[in-house]
Amino acid sequence: MNKPTPEQILAAAKTELARALQLLIAARNREYRETGVFSETLAAAIAIIGFVRYDLMTGLVSPAEAKTTAAKLPGPARIQ
């Protein structure tokens, strides 16, 4: 049978997330050009997809590398 491996599924998911991120960024840029403001909804969607693509997918593909990267990151930023 032609069942995809877990690595193939993760690679396809990363590709789809990258495409969705590109589309959201293009929509945000177009909205900014037309209205002069950024939508909070688009910004939130971009942040969520970026988190899933870069942080969660890294952990799924190579957990040891994700732990090393997380250990090097500074603490959470404070918004004043």
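Gln22 counts as partly exposed because its relative accessibility is 49%, where partly exposed denotes values between the buried range (under 20% relative accessible area) and the exposed range (over 50%), with a 1.4 Å probe and protein chains only. The residue is found in helix 1; helices are DSSP runs of H or I with at least four residues, strands are runs of E with at least two, and both are numbered from the N terminus. Gln22 and Ile46 lie 24 residues apart in sequence, and their C-alpha atoms are 9.0 Å apart in space.

The model is predicted, with local features requiring pLDDT of at least 70 and side-chain atom pairs counting only at pLDDT 80 or more, while totals for chains, interfaces and linings use all residues. Residues are numbered from 1 along each chain as its sequence is written, and side-chain values use heavy atoms, with hydrogens and water left out.

Ile46 is one of the 8 residues of the largest nonpolar core, which also includes Leu17, Leu21, Leu24, Ala27, Leu42, Ile49 and Met57. Such a core is a set of buried Ala, Val, Leu, Ile, Met, Phe, Trp, Tyr and Cys residues joined through side-chain atoms within 4.5 Å. Two or more residues of this core come from each of helix 1 (6–35) and helix 2 (40–61). Leu42 is in contact (heavy atoms within 4.5 Å) with Leu24, Ala27, Arg28 and Glu31, residues up to four places away in sequence not being counted.

Ser39 is found in the loop between helix 1 and helix 2 and counts as buried because its relative accessibility is 18%. The Ser39 side chain reaches the backbone nitrogen of Thr41 at 3.2 Å, and a polar atom of this side chain lies 3.4 Å from the backbone nitrogen of Leu42.

Definitions and conventions:
A polar contact is a pair of N or O atoms within 3.5 Å; within protein, one must be able to donate a hydrogen and the other to accept it, and residues adjacent in sequence count only if both atoms are side-chain atoms.
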